[in-house]
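I opened the model today to look up a few points about its fold. My notes follow in the order I took them.

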Amino acid sequence: MIRANTFRSTFVILSIMTTNVETHVYARTVRNRAKYCELHPGVYHWIQQEVYAKNAVWQKVYTNQVLMEQYDWVWLLDARDAMIMNGSIDLRVLVGKLLLEEPKRSIDVIIARDFNEMNAGSFFIRSSEWSKQLLTHAWLQDEPSDHWWQEQGSLMTMRDENRVGFKDHLMELEQQRSTLFNAYFFGPGKHFQDGDFLLHAPSQGWGGLYNFIHENNLREVMRRSGRVRKAIKWQEGKPVIYYIDAADMKELS
Ligand SMILES: *[C@@H]1O[C@H](CO)[C@@H](O)[C@H](O)[C@H]1NC(C)=O
């Protein structure tokens, strides 16, 4: 089905980072996302510095609305406590495969549950008529009361009350599958393993995230290589672009 064909869709990673964010954290996040985008043409990074929502966590709703005008999919990804770890994993393949599991549905929101509930630290929204016309409006109804779990709690309420037919447009992965794009290293259930796409450390902050990466000798997308070089090799008679770390001349994954 054509709707599931994400291979030509554009994706944008949305980061909300005001100028108050610690400089080294800001830089590390930007580098991580930039390297990923470099590996995957058609994936872009949007840094939202200006917050005009009442509370910064709601800014993602406003900025998502703007980005939906320009891109096919928005990846709403926490900026400070989440890191893309495996650059070989292609977002478009990942999302495309998920959509193909239920080709008859018009899925516009893909989100995973953690050991508690759905987690809005790393999830996807498709720019569809439904998302543009209905989702944002329904979502923002909860902003003034800014209740329990804020913009994430609002998504849960929309699901529970099936506001604007939310359930029809929602794909909610079980915690067991959260490691596809929202893996934690703590808590009950399935954990991050080396090779997983994304590592997220909600409530642990960037300090907890960096510590875990350091202690386990992991590497986020091409972090070691300040100097990435593009190279071309021939494979089965065709040119293939790959990347090397100019420091040790090793091929990067
Ligand atoms: C990254 O993911 C790909 C695809 O799932 C996998 O084949 C590869 O082993 C992973 N990379 C690492 C370093 O584990």
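**Entry 1: the loop with Val164**

I began with Val164, which sits in the loop between helix 5 and helix 6. Helices (H or I, at least four residues) and strands (E, at least two) are DSSP runs, numbered from the N terminus. I noted that residues are numbered from 1 along each chain as its sequence is written. This is a predicted model, where local features need pLDDT of at least 70, side-chain atom pairs count only at pLDDT 80 or more, and totals for chains, interfaces and linings use all residues.

I checked the backbone of Val164 and found a positive phi, near 40 degrees, in a residue other than glycine. Most residues other than glycine have a negative phi.

Is Val164 exposed, partly exposed or buried? I used these cut-offs: a residue is buried if 20 or more other C-beta atoms lie within 10 Å of its own, exposed if 12 or fewer, and partly exposed in between, with C-beta atoms placed from the backbone. Val164 counts as partly exposed because it has 18 C-beta neighbours inside 10 Å.

Asn162 is in the loop between helix 5 (150-160) and helix 6 (166-169). Asn162 is not a glycine, yet its phi is positive, about 50 degrees. Asn162 has 11 C-beta neighbours inside 10 Å, so I logged it as exposed.

**Entry 2: the whole chain**

I then stepped back. The protein has 253 residues, and 35% of them count as buried. I listed seven helices and eleven strands.

Among contacts with a separation of 6 or more, 65% join residues 24 or more positions apart.

I traced an open sheet of six strands in the order 2-1-3-6-5-7, with mixed pairing. Strand 2 and strand 7 (170-173) are at the edges with a single partner strand each, so one side of each has no neighbour in the sheet. On average, neighbouring strands of this sheet are turned by 20 degrees against each other, direction ignored. For such angles, axes are lines fitted to C-alpha atoms (for helices over the stretch in contact), and angles run from 0 to 180 degrees between N-to-C directions.

I went through the pairs next. Two strands pair if DSSP finds at least two bridges between them.

- Strand 1 and strand 2 run parallel, joined by six bridges. Ile13 stands opposite His45 in strand 2.
- Strand 3 and strand 6 are antiparallel over five bridges. Leu77 has Ser122 of strand 6 as its bridge partner.
- Strand 5 (residues 109-113) and strand 6 are antiparallel over four bridges. A hairpin of four residues joins strand 5 to strand 6. Arg113 is bridged to Met118 in strand 6.
- Strand 5 and strand 7 run parallel, joined by four bridges.

I marked Ala112 separately. Its bridge partner in strand 6 is Asn119, and its bridge partner in strand 7 is Leu173.

Strand 5 is mostly covered, with four of its five residues buried.

I looked at helix 2 (residues 59-67) and found Gln59, Lys60, Val61, Thr63, Asn64 and Leu67 buried. What do these buried residues pack against? Their partners are strand 1 (11-16), strand 2 (43-48), strand 3 (73-77), strand 6 (118-126), helix 4 (129-140) and helix 5.

A nonpolar core is a set of buried Ala, Val, Leu, Ile, Met, Phe, Trp, Tyr and Cys residues joined through C-beta atoms within 7 Å. The largest one has 52 residues. Val12, Leu14, Val74, Trp75, Leu76, Leu198 and Leu199 have the most contacts inside it.

Not counting residues up to four places away in sequence, Val12 touches Tyr44, Trp46, Leu67, Tyr71, Val74 and Trp75.

**Entry 3: Tyr26**

My last stop was Tyr26, in helix 1 (residues 23-39). Tyr26 counts as partly exposed because it has 19 C-beta neighbours inside 10 Å. Leaving aside neighbours within four places in sequence, Tyr26 is in contact with Met17 and Val21. I also noted Ala79: it is 53 residues from Tyr26 along the chain, and their C-alpha atoms are separated by 8.1 Å.

Conventions
Contact = placed C-beta atoms within 7 Å.
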